[in-house]
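Please open the structure in a viewer and keep a selection panel at hand.

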Amino acid sequence: MFINIRGKNIWYEVYGAEHDHTLLYLHGGPGASCLDFANQAKALSRSMRVVTFDQLGVLRSDAILEQESYSMEYQIELIEELRSLLEIERWSVLGHSYGGMLAVLYAHIHPESIHKIILECPSLWFEDSARSTAEYLSGHIDSLNDQQASKLCEKLKSADYSDKAEIVWDLSTLLSYVTDMELRFYLHGISFEDYEASMDTSDITDEMWAKGEQHLTKLLEVPPASEGSQQKRVLMTDNLLPLLPELGAPMLLINGAYDPACSKRQIEYIMSHVPHVTQAVFENSGHFPRLEEPEKYTATVLNFLA
């Protein structure tokens, strides 16, 4: 169903509406949508209310127009207005991958709205995640005997990027070389076919999927500085790890043992700098523990939020 926020139609769904405690799911990508969280939302909704939505510019929600500006902060304010319209006093947030960035930024800007924070395989410093992923893919890229692919992989692992947006496009290009779909989607506990089968895409059109590129492009735009403004807009290429020590809400870190995006470096920072953090390692998972070890995932989340 849709809700209109600031003149934009945002697709959302509520599971387990009869419960008091609410969990908000923030999908990754950017642009991946909440399609692959539906099964977990149903499982978790036996004990709590679960709200999922497609971010502005993603899939079923309205597209972002060429002339429109968009930012992570703007998305945060849309989330806060969604909470108000749904008459939810406080909710817990669960951010996956890039959604972990949104979860951290939301908790930083609106701590009064947050009960608890769950980060599932978060990428809180994109440049570090990209380098970690290049290392993860190195063996496969070498096996392709493609000089361009190997050169790009080495660049991602070691180059000093002055234009941080370039590393996003370089990683996207590197992934396009990957022929092993489990590797390409950072899967370990399930096949790519099982991953696809976990989502109902019967009503999703090519036009809906195509929105995602504009969503990403807008996130990477660096707007001109406003005259007299000292406020720097947060970009998805920024390192958000330094925000973590300021967050007062209890936090659960879920990470797959074979996930390259949530790197060892980021995990160590989270575990050593967050005052109230618990870690759950999923030993048979890559980037999608909720799909690769679903029963353990449901139990872990429910136990943390109980």
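On a 1 Å grid over the protein atoms alone, a cavity is a set of points where a 1.4 Å probe fits but cannot get out, and a pocket is an open set with protein on both sides within 12 Å along at least five of seven lines; lining residues have an atom within 4 Å of a point. Grid points are joined across faces, edges and corners, and a volume is the space filled by probe spheres set on the points. The model is predicted, with local features requiring pLDDT of at least 70 and side-chain atom pairs counting only at pLDDT 80 or more, while totals for chains, interfaces and linings use all residues. Residues are numbered from 1 along each chain as its sequence is written, and side-chain values use heavy atoms, with hydrogens and water left out.

**Stop 1: the cavity**

The structure holds one cavity of 30 Å³ or more. Select Ile-5, Ile-10, Phe-53, Gln-75, Leu-78, Ile-79 and Leu-82, which line the largest cavity. About 40 Å³ of space lies inside. Helix H2 supplies the largest share of this lining, four residues. Helices (H or I, at least four residues) and strands (E, at least two) are DSSP runs, numbered from the N terminus.

**Stop 2: Ser-61**

Next, select Ser-61, in the loop between strand E4 (49-53) and helix H2 (72-85). Is Ser-61 buried or exposed? Ser-61 is buried, because its relative accessible area is 0%; buried means under 20%, exposed over 50%, and partly exposed in between (1.4 Å probe, protein chains only). Its side chain reaches the backbone oxygen of Asp-54 at 2.6 Å. Such a polar contact is a pair of N or O atoms within 3.5 Å; within protein, one must be able to donate a hydrogen and the other to accept it, and residues adjacent in sequence count only if both atoms are side-chain atoms. Leaving aside neighbours within four places in sequence, the residues in contact with Ser-61 (heavy atoms within 4.5 Å) include Asn-9, Ile-10, Trp-11 and Lys-211.

**Stop 3: the largest pocket**

Move to the largest pocket, which holds about 1300 Å³ of space. Of the 42 residues that line this pocket, the closest to its centre are Gly-29, Pro-30, Ala-32, Leu-175 and Phe-185. The elements that give two or more residues to the lining are helix H3 (98-109), H4, H6, helix H7 (181-184), helix H8 (192-197) and helix H9 (206-220). H6 gives the most, with six residues.

**Stop 4: the loop between E3 and H1**

Select Pro-30, in the loop between strand E3 (22-26) and helix H1 (38-44). The peptide bond from Gly-29 to Pro-30 is cis, with omega near 0 degrees. Ser-33 also lies in the loop between E3 and H1, and has a positive phi of about 75 degrees although it is not a glycine. Most residues other than glycine have a negative phi, and most peptide bonds are trans. Ser-33 is buried, with a relative accessible area of 1%.

**Stop 5: from Asn-145 into H5**

In the loop between H4 and H5, select Asn-145. Its phi is near 55 degrees, a positive value in a residue other than glycine, and at 71% relative accessibility Asn-145 counts as exposed. Asp-146 caps the N-terminal end of H5, where a side-chain oxygen lies 3.0 Å from the backbone nitrogen of Gln-148.

Which residues of H5 are buried? They are Ala-149, Leu-152, Cys-153 and Leu-156. Seen down the axis of H5, the buried residues fall within an arc of 100 degrees, so they line one face of the helix; the arc is that of the directions from the helix axis to the C-beta atoms. On the other side of H5, Gln-147, Lys-151 and Ser-158 are exposed. The cover over the buried residues of H5 includes helix H4 (126-143) and helix H6 (164-177).

**Stop 6**

At the start of H6, a side-chain oxygen of Asp-163 reaches to within 3.1 Å of the backbone nitrogen of Ala-165. The buried residues of H6, among them Ile-167, Val-168 and Leu-171, pack against H4, H5, H7 and H9.

Finally, select Glu-182 in helix H7. At 25% relative accessibility, Glu-182 counts as partly exposed. A polar atom of the Glu-182 side chain lies 2.6 Å from the backbone nitrogen of Phe-192.
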